[in-house]
Every structure is written in structure tokens, then in C-alpha cells.
Amino acid sequence: MDKIKNILMVGVGGQGIITASDILSEAALLDGHDVKKSEIHGMSQRGGSVFAHIRYGKKVYSPTIKTGEADVLLSLELIETVRWLSYANEKTKVILSETKIQPQTVKEYPESVIDSLKKKFKDFYLVNPIEINKQNGSHKVLNTTLLGVLSNLLEISDKSWEKAMENLVPKGTYESNLSAFSLGKKLFS
């Protein structure tokens, strides 16, 4: 694979963006790619913005994605999606959880975010967290469910995804994460 893949993951503190980005990075490494990653999570303990840039391919020289060059934007929170749209272009694939977390600085949560995004992006994968939580039995693995959706868009083997999860998820949660990943993989396949 000569083209570098650029994946931007965004959300707020406590949603599992860093773990999800670690799993993607390790899965790509296990598949033999060169991988670079950059993450910011300074205020994550207080519900602040968290993001991770993941780039992989034959040879990657920089960990950060240039504006307008994300191949995939994966978001665990609606407003965070809007915050990072400058990294997307009309061909960017958007994976989005409908999760709404009211920012402290915003009085009224904006309506019609989903409708606007659906009009802007051709490849749009909307995940309803309430339905997913019912099927998973836990909201703690929503990030892994979205990784399952992501796995349909990337050329990384299932074996590498599974090994990366085995290596990186908290002890005792591998089976629930694997189940959540499989659920996400089936959602849009």
C-alpha cells in the first residue's frame, strides 16, 4: 500500500479515544505497516476534547494529518465532529456516534448537526449509541464498536485487530470488546 491512510479520531475525555487509537495503531503495525500517531488529551479528565491522529502506510514521516486530508473521521461525540471538520474533505468517510455531551461553554446543544453532516459527506456511518449499548450490554465498549465499523474501511486483517485488542484492552474485557468489535463490523458490511 503506497498511499498513506489518515484516520482522525475525536471525542471527549472518558470515551476511549486513546484506547481506540492505540488498538488501530497496533493492528496496523501487526499487519506490517509503518505507523505514526499523535494524541492530545490534556483536559480529558474534565470532559475536554480528546483527539488522535493515526497515519499508516509503507513509510510515514509525520504523525499529524494535514488540514483537509483525513481519509476517515471517527467521532464519539456530535459537536466534536463539527470541531474537526477542517481536517475532512468531500471524500472523507465519517463514522459517527449520535452521542451528545453538553459542552460547559455552550448553553443550548445545536440541532440538525446530523442532517448537515449527512448532506456534506457521501460516506456517512451513523451509530445509535442507545441501540448499541442494548446489544453490547455496556456503554464502555462503544469505542470498540466504532472500530468494528472502521475495520470495514481499512485493509487491516481481522487477526491483527483481534491481537491488538487482546494486547491493549483492560484485563477481563477482551471478550466483551471482541463482541462489540464484531457488532460494529456487521453494522455496515
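What follows is a short chat about a predicted model and the terms used to describe it.

Author: Since this is a predicted model, local features need pLDDT of at least 70 and side-chain atom pairs count only at pLDDT 80 or more, while totals for chains, interfaces and linings use all residues. Residues are numbered from 1 along each chain as its sequence is written, and side-chain values use heavy atoms, with hydrogens and water left out.

Reader: Why is Asp 34 called buried?

Author: Buried means under 20% relative accessible area, with exposed over 50% and partly exposed in between (1.4 Å probe, protein chains only). Asp 34 comes in at 18%, so it counts as buried.

Reader: What makes the link between Asp 34 and Lys 36 a polar contact?

Author: You need a pair of N or O atoms within 3.5 Å, one able to donate a hydrogen and the other to accept it; residues adjacent in sequence count only if both atoms are side-chain atoms. The side chains of Asp 34 and Lys 36 are joined at 3.4 Å, and that qualifies.

Reader: Why do S2 and S6 count as edges of the sheet?

Author: Strands here are DSSP runs (E, at least two residues), numbered from the N terminus, and two of them pair if DSSP finds at least two bridges between them. The order is S2-S3-S1-S4-S5-S6 in an open sheet. S2 and S6 each have a single partner strand, so one side of each lacks a neighbour in the sheet.

Reader: How do you know that S1 and S3 pair?

Author: Eight bridges join S1 (residues 5–12) to S3 (residues 49–57), and the two run antiparallel.

Methods:
Helices (H or I, at least four residues) and strands (E, at least two) are DSSP runs, numbered from the N terminus.
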